[in-house]
Amino acid sequence: MTAPEGKNIRAIPPAPPRARPALRALAPLLDDRLALACAAFAVFAALACAFAPLLAPFGYDAQNLSLGASAPSAEHPFGTDMLGRDILSRILYGGRGSFAVGMLATFVAAAIGVAYGTVSAMCGGRIDAFMMRVVDIAYSLPFTIFVILLTVAFGRSVWLIFAAIGAVEWLTMARIVRACALDIKNRAYVEAAFALGEGKAGVVLRHILPNAAPAILVCAALTVPSVMLLESFLSFLGLGVQAPLPSWGSLIKDGAEYMEDAPWMLAFPALFFSLTLFSLNRIGEALSRGGGE
Amino acid sequence: MTRYVLKRLCEAVPVFFAIVTAVFFMVRFVPGGPFDRERPVSQETIEALNAYYGLDEPLAAQYFKFLGNLARGELGPSYKYEGWKVSEILREKAAVSLELGSYALALAIAAGIALGLAAAARGKIAAFASGAGLLGICLPAFVLGPLLILAFSTKLGAFNSMGWDSPSDAVLPSATLALFYAAWIARLTGNSVRAQMKMPYVRAARAKGAGEARILFGHVLRNAVSPAIAYLGPAAAGLMTGSFVVETIFQIPGLGRFFISSALDNDYTMIMGCVMLYAAFIIIFNLISDIALAVVNPRIAREFGK
């Protein structure tokens, strides 16, 4: 059935202009002071880490063996580690890895999840059932073994670790996108688009993805901290970013080893790491609360 | 109800095989073998070892042999820990992890539900509860563990900092292990309690004159625990199979470290053993959580009944 060109259907008045869905999803942040503060901190921390080469008082591998592990002082506000390396500088450089992993792996996860979820929803029927069964099974795979095998297979290249983490974090995204797509697929305006001769790909690009954007955004916002947590766990195992380049996970690991003699080695990296995770989670929570109501 | 449980069990069998098969082939496609060591071993030795353990056969043959052994409950020898059978290692270590995991699970459920309910209150208590919940998600075990050791064992001397000998040795590790899960349970319960409190039945109960406690425990709680129960299936499996981080920090002879080291060493049989144990736990605990969900919400079982 094809609709007659330019007749009744086109006569429906256009919807009143609204903010784009992705922007509307950010609105709840403005009403939530704590979330706003968290966003400010996250942006500040991300920028500080991104510009680490300009901001850090020392290089991440600049040793001063005569200093050893010294307590916080005017010159080294967060103290130094066993090799006399400045903790503040190492935190800034270490954050680069954590943030980069967080964003890149989330991007990979979102790309896979969105593609998988929309394909599953649009195909429907048996294909949909099968694809979601695969996701269910993947959920019950032991993630740590999976990630370790991937990192071993990929030979410790930092960029491939990002991809490997992304490759295991897409499941939730796929489920959420599929649920969204299924819901939108049956709305009247999507039916109208099909009736007007729009193909499946066009409907996905012009109707489903823009409307699923808020949900994707919330899911991505919550994926970033969970990826950063996973990366720090890998670093803790010695599988993450390789020495002498620091990462927050490896800094915390070193700090935990020497915590009785040099508590600042644990305290400051852990503080930064936890504050960042808290901020990112709080932002995600604020966004999801806004989307849910 | 019986039908529902049986259906769930039947669904679990193909899932188990899918997991086992996926991991079986995945570990073999990863470069490197179980006999690569720091010190290079001669090519003949490796070939002899591969032949001895049947690793030179075609993959399909290895796979069917593995399935045959599995049917007889034989998991094979560990390639890394010479003279040990995988089943022996699993049996010995899993007992410790199970014990620690049970404490942590109980603690996580109690603390999580309590915090989640507190989030339904208004004002300061709710803010505190949701803050505490978020904190749990942001303090990874490898930060919390050392902090607890520093506070309770180095400074206060209340507990041993590591080891697994006296009953009190379980306190710090289970708290470390439980916090993350408690935080998730609190978050899930809190969100759904908040949603339930807006439902018409709560207003009806208030209109009837029921007190807040009666509403919360008599009406809302049952409706609000479903997300936490669904989460607890995989979470319990994770807890029971041990945590590498917690076991390393507190020097506990559990199973968690074998998950990591077996994958690092390409110890094929040990990886399969760990994965199968984990998959079995996942299936069992998912089943328990499905049954619990059906008990809490009889509509779920009724859908399968007919």
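Guide: In this predicted model, helix axes are lines fitted to C-alpha atoms over the stretch in contact, and angles run from 0 to 180 degrees between N-to-C directions.

Visitor: What makes α10(B) roughly antiparallel to α13(B)?

Guide: The axes of α10 (residues 226-240) of chain B and α13(B) cross at roughly 160° and come within 8 Å. Angles over 145 degrees count as roughly antiparallel, and therefore α10(B) is roughly antiparallel to α13(B). The crossing is right-handed.

Visitor: Which residues of α10(B) and α13(B) meet?

Guide: From α10(B) they include B:I229, B:L232, B:G233 and B:M240, and from α13(B) they include B:F281, B:F285, B:N286 and B:V296. Of the residues in this contact, 14 are nonpolar, 4 are polar and none is charged. Gly counts as polar, so B:G233 belongs to the polar class.

Visitor: How many residues does each chain bring to the contact between chains A and B?

Guide: Chain B brings 29 residues and chain A brings 26 residues. On the side of chain B, α1 (2-29), α5 (124-138), α6 (141-155), α12 (256-265) and α13 (268-296) each supply at least two residues. The most come from α13(B), with 6 residues. This side of chain B has 28 nonpolar residues, 1 polar residue and no charged ones.

Visitor: How many helices and strands does chain B have, and what share of its residues is buried?

Guide: Chain B has 14 helices and 0 strands. Of its 306 residues, 40% are buried, a term that requires 20 or more other C-beta atoms within 10 Å of the residue's own.

Note on methods. Residues numbered from 1 in each chain as written. Chains lettered and ligands numbered in written order. Predicted model: local features only at pLDDT ≥ 70, side-chain atom pairs only at ≥ 80, totals over all residues. Contact = placed C-beta atoms within 7 Å. Helix = DSSP H or I, 4+ residues; strand = E, 2+ residues; numbered from the N terminus. Buried ≥ 20, exposed ≤ 12 C-beta atoms within 10 Å, placed from the backbone. Parallel < 35°, antiparallel > 145°, perpendicular 65-115°, else oblique. Left-handed = near helix turned anticlockwise from the far one by under 90°.
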